[in-house]
Amino acid sequence: MIKVWDYKKEYELLRDDILSAVDEVFKSGTLIFGPKVEEFEEKFSSYHDCKYGVGVGNCTDAITISLRSLGIKPDDEVITTSNTAVPTVTGIVNSGASVKFVDVNNYSLIDPEKIEAAINKKTKAIIPVHLYGQMCEMDKIMTIAKKYKLKVIEDCAQSHGATYKGKKAGSIGDVGCFSFYPTKIFGAYGDGGFITTNNIQLYDKIRRIRFLGMEKKKMSSGHWNGKYYAIEHGTNSRLDEVHAAILLKKLKYLDQWIERRRKIAKVYDEELNNYNLSLPKEHPDNKHAYYIYVVAHERRDNILSELAKKDIHLNISYPWPIHIMDAYKHFVCSSCNCLINTEKMSKKIFSLPMYPTLTDEEQKTVIKELKTLIN
Ligand SMILES: Cc1ncc(COP(=O)(O)O)c(C=O)c1O
């Protein structure tokens, strides 16, 4: 069987490292807010060329906490794309704000040329989603944000290690939000998330909001060094010591794993060219990290079911744009056709197996069977 994603081979390779990391934490006596989280916060943020970083429970929380820390309030509007994972939008709605969708360009990313038309008095932030492992055109987005005084929250859930003009994901906007959901380029063995920033005041606020709005306060009796005291309303969203320790072990492999993904992508590019299949494009300013390799074909559903019969399993990210889902329909007007590219692509896209431990043989089989089907 060839899966579209698989972690078990990676676990076989890293098993000793991972089990020793878990054992070390269990024996240490500290499971939450300890040295592993601190070390990971320092190393993961510097890997992304950022001064500060905060571990949180997941990327959905990272988005909500970021928006709240940036002062986004109910009634404010946040611009993003509808071609994204539901949690981008969940994160916005959890902050109390409304969503304004902008269509995507040929790279399946937010089209910067269409952002200004979506801005009004209520607009307070933009969330460019660096989808599939490739970053959005950040220069254009930052210029618009500056002009209209908007905050920029980079959704980097799918773009660990990706770059735009040599700058890492999460290092350009006010904050970057990452996911360590197991399938991601850099995944944990459970949930986890992260926020990067270069702004110290924002960093302090993010740290406080992720931990119930609390800081240490001295008791008048002089007892204790300080007890936790909520100075603002926060939430509870923590990366735990076990996952920080596992991610620390994995961090040293991230660059080589991205290179392996790029090599797999190159083979697909070369082999599947000229097959009436639309292939992903890497923007000349980008280093694509290929979280997933997304292609498009008119007979998408048939291809998926035929290959499944041969035990080759593909995926669709995403079959329904967010703005047509019942939960979020109200964010677009009923006659709206301004998300035309998003709607068109959602009917044809699917992704091929992509993960560092996919073997050359497995990839050859996928390519051979796919060619036979679409020829
Ligand atoms: C683009 C995008 N944003 C946000 C998230 C949310 O991540 P998490 O599952 O860690 O909350 C995901 C994960 O599915 C994602 O793909």
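## Ground rules

Residue numbers start from 1 along each chain as its sequence is written, and side-chain values use heavy atoms, without hydrogens or water. In this predicted model, local features need pLDDT of at least 70 and side-chain atom pairs count only at pLDDT 80 or more, while totals for chains, interfaces and linings use all residues.

Helices (H or I, at least four residues) and strands (E, at least two) are DSSP runs, numbered from the N terminus.

## The ligand site

The ligand is surrounded by 15 residues. The closest are Cys59, Thr60, Asp155, Gln158 and Ser179. By type, the shell divides into 6 nonpolar, 7 polar and 2 charged residues. Here Ala, Val, Leu, Ile, Met, Phe, Trp, Tyr, Cys and Pro count as nonpolar, Asp, Glu, Lys and Arg as charged, and the others, Gly among them, as polar. Helices H3 and H4 (86-94) each supply at least two residues of this shell.

A backbone N or O atom of Cys59 lies 2.9 Å from a ligand oxygen. A side-chain N or O atom of Gln158 is also 2.9 Å from an oxygen of the ligand. Asp155 places a polar side-chain atom 2.8 Å from a ligand nitrogen. The protein covers 90% of the 390 Å² of accessible area that the ligand has on its own. Such areas come from the Shrake-Rupley method with a 1.4 Å probe.

## Thr64 in H3

Thr64 is found in helix H3 (residues 59-69). Is Thr64 buried or exposed? Thr64 counts as buried because its relative accessibility is 10%. The cut-offs are under 20% for buried, over 50% for exposed and partly exposed in between (1.4 Å probe, protein chains only). Beyond its neighbours within four places in sequence, Thr64 is in contact with Gly91, Asn94 and Ser95. Contact means heavy atoms within 4.5 Å.

## Helix H7

Helix H7 (residues 241-251) is mostly covered, with 10 of its 11 residues buried. Among them are Val242, His243 and Ala245. The cover includes helix H1 (8-28), helix H2 (35-47) and helix H8 (254-272). At the start of H7, a side-chain oxygen of Asp240 comes within 3.1 Å of the backbone nitrogen of Val242.

Glu24 sits in H1. The C-alpha atoms of Glu24 and Ala245 are separated by 8.6 Å, although the two are 221 residues apart along the chain. Glu24 is partly exposed, at 42% relative accessible area.

## Helix H9

In H9 (residues 300-309), Arg300, Ile303, Leu304 and Leu307 are buried. They lie on the same side of H9 because they cover an arc of only 100° around the axis. The arc is taken over directions from the helix axis to the C-beta atoms. The face turned away carries the exposed residues Asp301 and Lys309. Helix H10 (340-346), strand S14 (349-352) and helix H11 (360-374) are among what covers the buried residues.

Most residues other than glycine have a negative phi, and most peptide bonds are trans. Just after H9, Asp311 has a positive phi of about 65°. Asp311 is partly exposed, at 34%. Lys149 has a positive phi of about 55°. Lys149 lies in the loop between helix H5 (138-148) and strand S5 (151-155). At 72% relative accessibility, Lys149 is exposed.

The peptide bond from Ser317 to Tyr318 is cis, with omega near 15°. Tyr318 lies in the loop between H9 and H10.

Definitions and conventions: Near = heavy atom within 4 Å. Polar contact = N/O pair within 3.5 Å; in protein donor to acceptor, adjacent residues only side chain to side chain.
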